[in-house]
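Visitor: I would like to learn how to read the helices and strands of a protein model. Could you take me through one, step by step?

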Amino acid sequence: MMTARYTRQLPLIGNEGQARLSRATVGIVGAGGLGSPVATYLTLAGVGTLILADDDTVQESNLNRQFLHPTRNVGVSKIRSATQTLTELNPDVTIRSFPERITSETVNRFAEHADILVDATDNFEVRYLLNLIALKMGIPLIHGAVEGFSGQMTTILPGITPCLSCLFPHPPPLRETPIIGATAGVIGSLQAMEVIKYLTGSGRLLSGRLLIWDGLAGRTEYLTVSVRPGCTVCSSTHVEK
Ligand SMILES: [Zn+2]
């Protein structure tokens, strides 16, 4: 470990916090707009292991926001591109590739060694699978979503907060939405912050609260959210605490 690398954060999280980060394994689904800031900041902070799932290749149209991928990597698998970038940023961090689509068949294998999961996908079917596996494993899921100049995020703690299906019982229609890169930067950075707070026991998590960020208006709102009566997903997946 490079001794000076973490000098500016050690006063905030201490040696114990740094050690917790280095022992942690974080599962991130999506090496795109949200995945870029999430994986970058967790790598820079010294999280021990990232499991990164994505089955796409880098497209030129990704480059306005997905800064894990340099222009020369257009056509390369996102996982390979991301692993190169992250390893150059911090060789202390282990990047485990999961170059497969997250499905009901693969999600267990993706998540089995993770301490916490990050939803950095744009696909609600995948989000619901992450919600289910987080509930089954009793580990947190950091949800984030972006569109245009705005985004949202919340931290789901199984057995404590509402689950993703409580908040969004029906998936929105799948469509390609316009996006300013900085929007994904804001929400992805907030997701990375939640992971760091959770792993080091710092501050107050955005659990039970849905943050809604409106970049055009320059406004952030916090909605208090609660378990939806009749949510079949979290009522049938009890976590023993
Ligand atoms: Zn629920």
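Visitor: In which sense, right-handed or left-handed, does α2 pass α7 in a crossing?

Guide: Please keep in mind that this is a predicted model. In this model, α2 passes α7 in a right-handed crossing. The axes of these two helices, α2 and α7, come within 7 Å and cross at roughly 40 degrees, and α2 and α7 are therefore oblique to each other.

Visitor: Which residues of α2 and α7 meet?

Guide: An α-helix has 3.6 residues a turn, so residues three or four places apart point the same way. Here, α2 brings S36, P37, V38, Y41, L42 and A45 to the contact, and these meet A184, G185, G188, S189, Q191, A192, V195 and I196 in α7. Sorted by class, the residues where α2 meets α7 are 9 nonpolar, 5 polar and no charged.

Visitor: How do the axes of α2 and α3 cross?

Guide: Helix α2, which spans residues 35-45, and helix α3, which spans residues 78-89, have axes that come within 9 Å and cross at roughly 30 degrees. That makes α2 roughly parallel to α3, because angles under 35 degrees count as such. The crossing of α2 with α3 is right-handed. On the side of α2, the residues in this contact are A39, T40, T43 and L44, and they meet A82, L86 and L89 in α3; by class, this contact of α2 with α3 has 5 nonpolar, 2 polar and no charged residues.

Visitor: How many residues of α2 are buried?

Guide: In α2, 9 of the 11 residues are buried, so this helix is largely enclosed by the rest of the structure. The buried residues are G35, S36, P37, V38, A39, T40, L42, T43 and A45, and what covers them includes the helices α1, α3 and α7 together with the strands β1, β2 and β4.

Visitor: What is the order of the strands in the open sheet?

Guide: The general idea for strands is a simple one. In a regular strand the side chains alternate between the two faces of the sheet. In this model, the open sheet has 8 strands in the order β3-β2-β1-β4-β5-β6-β7-β8, and the pairing is mixed. Its edge strands are β3 (94-98) and β8 (219-224), each of which pairs on one side only. On average, and with direction ignored, neighbouring strands of this sheet are turned by 15 degrees against each other.

Visitor: In what sense do β1 and β4 pair, and over how many bridges?

Guide: Strand β1, residues 25-29, and strand β4, residues 116-119, pair in the parallel sense over 4 bridges, and V26 stands opposite I116 in β4. On going from β4 to β5, one finds that these strands also run parallel and are joined by 3 bridges, with L141 in β5 as the bridge partner of L117. Strand β5 is mostly covered, since 6 of its 7 residues are buried.

Visitor: Which strands does helix α7 lie across?

Guide: Helix α7, residues 181-200, lies across β1, β4, β5, β6 and β7, and runs at about 170 degrees to β5. To bring the helix contacts together, α2 meets α7 through residues that include V38 and L42, and it meets α3 through residues that include A39 and T43.

Terms used:
Residues numbered from 1 in each chain as written. Predicted model: local features only at pLDDT ≥ 70, side-chain atom pairs only at ≥ 80, totals over all residues. Axes fitted to C-alpha atoms, helices over the stretch in contact; angles between N-to-C directions. Parallel < 35°, antiparallel > 145°, perpendicular 65-115°, else oblique. Left-handed = near helix turned anticlockwise from the far one by under 90°. Contact = placed C-beta atoms within 7 Å. Nonpolar A, V, L, I, M, F, W, Y, C, P; charged D, E, K, R; others polar. Pairing = 2+ DSSP bridges. Buried ≥ 20, exposed ≤ 12 C-beta atoms within 10 Å, placed from the backbone.
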